[in-house]
Amino acid sequence: MEISQLTMIELRDKLVSKKISVKEALDSVFKEINNNDGVYNTYVTVDKENAYKQGELAQKKIDENDKAPLLGVPVAIKDNICTKGLKTTCSSHILDNFIPTYDATVVKKLKDAGAIIIGKTNMDEFAMGSTTETSYFGETKNPRNIEHVPGGSSGGSAAAVAANECFAALGSDTGGSIRQPASYCGVVGIKPTYSSVSRYGLIAYGSSLDQIGPVTKDVRDAANLLHVISGFDEKDATSSKDIDRNYTEGLVENVKDLTIGIPEEYFTKGLNSKVKEAVLDASGVLEKMGAKVETFKLNLVDYAIPAYYTIASAEASSNLERFDGIKYGYRTDKYTDLHNLYKKSRSQGFGAEVKRRIMLGSFVLSSGYYDAYYLKALKVKALIKEEFDKAFEKYDIILGPVAPTTAPKLGASLSDPLKMYLSDVYTVSANLAGIPGISIPCGVDNNNLPIGLQLMGKPFMEKNLIRAAYTYEKNGFSYKDIQKGGM
């Protein structure tokens, strides 16, 4: 097996036992990047020189028997998470020359744990999109089939992990942007409970919905990486104290005390038959392992998409107001006055999808429409949370698909934005309710494209999700089954 094919924890163990050097680990991923990323386009920036410098320091610490949890492990970061001295663009022209002066809290935690940041991954511009095709730096292709999208907006992170171009990555999830690309690329992605991972240093899309989380090859890696990046941060006003961060305690093959609910509404028209079959087969594996599984009615599913896009677009229009060509980022060369400078810088700096959502957000926040759209969406959000709270009185976990289909072909979604929005139908509810969700591979379709299983749980009960996901991975389907099929 090539070094680059190891999981994050497998690599960590071999580094600590000195069976592999840090340089060999870095050589392995940069070899994959050099050989394949000209096709996949998973990275916006690769920081090779600094990675090797950090690798030398990590090797010295290993030789001195330092036991930092991720010492020497090459990790990639989504390009909307600030990295000190390393370009952070949000895959947008308006920030294509922006170099932060500080690290996001999650990046600092990774560095403190010994991880080596090797680069910034491609994404939909300002995380607005579900395919990683709206990037200013070009589309990312799915390593499982380059004619298909990797999902989005964290498509670069998921594709980099799937292509063995890093051992793990961070993404951000506003309405499914970790889980959906993890599903399309056949890897594992966790959207943690809102407030359990600091958002300080994350360039916001929808502040009440955004959450940083891990993208990894398997569930064990995801639990370990989540442990490293989670926890209270005084720099984030929404950060929660006293959360149980011992996620690795969930890495046991035991679901006998878990009750799993399957919403009937998730298995109606629009769901691909192969996806439905794989997800229900996965529920059967968990039931066979001792979990109690039953169907139930989850109301308000049809209202999740309109509520989500109303709220997210409103928050985006406010959050992106700061990008005006004055303080930092792109500024137009030719302008007549201050108003013209704002107009031309933003018109030239933002892409079509970002402009669409800014306009939608400005509209729903405008006088005369605020009550009719934005306020109503907030009320629906509260009702959706109530529905999930009610469901979790009976069930420990809610099980369903991640997306209605496997990865669509490149270009298919961009030609129909509404169709792209509807691809988030199963994922946005977790963000609206603030609950955790995980995507794990559960099969492939007839074109060998991965299918993702989604598990959602009670707030701060990621351990239940990890336990169920780990049990399924050991007894059902996993990323290793996809790898055997080739790429």
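Axes here are lines fitted to C-alpha atoms, for helices over the stretch in contact, with angles between N-to-C directions running from 0 to 180 degrees. Everything below comes from a predicted model.

**View 1. Helices H4 and H7 cross.** Two packed helices are described by the angle between their axes and the distance between the axes. For H4 (residues 105-112) and H7 (residues 219-229), the axes come within 8 Å and cross at roughly 110 degrees. On the H4 side, the contact is made by Val106, Lys109 and Leu110, and H7 brings in Leu225, Val228 and Ile229. Sorted by type, the contact residues come out as five nonpolar, no polar and one charged.

**View 2. The largest nonpolar core.** This core holds 144 residues. Leu110, Ile118, Phe126 and Phe388 are the ones with the most contacts inside it. Which helix supplies the largest share of the core? That would be H9, with ten residues.

**View 3. Strand E5 and its two partners.** E5 covers residues 188-191. Val188 and Ile190 point one way from the strand, Gly189 and Lys191 point the other way, and all are buried. E5 runs antiparallel to E6 (residues 212-216), joined to that strand by two bridges, and Val188 sits opposite Thr216 there. E5 also pairs with E10 (residues 437-444), again in the antiparallel sense, over three bridges. In that pairing, Lys191 stands opposite Gly437.

**View 4. A cis peptide bond at Ser153.** Most residues other than glycine have a negative phi, and most peptide bonds are trans. The bond from Gly152 to Ser153 is cis, with omega near 5 degrees. Where does Ser153 lie? Look in the loop between strand E3 (116-121) and helix H5 (155-162).

**View 5. Asn164, a positive phi in a loop.** Asn164 is not a glycine, yet its phi is positive, at about 60 degrees. The residue is in the loop between H5 and strand E4 (168-172). Is Asn164 buried or exposed? Buried means under 20% relative accessible area, so Asn164 counts as buried at 5%.

**View 6. Leu300, another positive phi.** Leu300, also a residue other than glycine, has a positive phi near 70 degrees. Its place is in the loop between strand E8 (292-296) and helix H9 (301-319). With a relative accessible area of 24%, Leu300 is partly exposed.

Conventions: Residues numbered from 1 in each chain as written. Predicted model: local features only at pLDDT ≥ 70, side-chain atom pairs only at ≥ 80, totals over all residues. Heavy atoms only, no water. Helix = DSSP H or I, 4+ residues; strand = E, 2+ residues; numbered from the N terminus. Buried < 20%, exposed > 50% of the residue type's maximum accessible area, 1.4 Å probe, protein only. Pairing = 2+ DSSP bridges. Core = buried A, V, L, I, M, F, W, Y, C linked by side-chain atoms within 4.5 Å. Contact = heavy atoms within 4.5 Å. Nonpolar A, V, L, I, M, F, W, Y, C, P; charged D, E, K, R; others polar.
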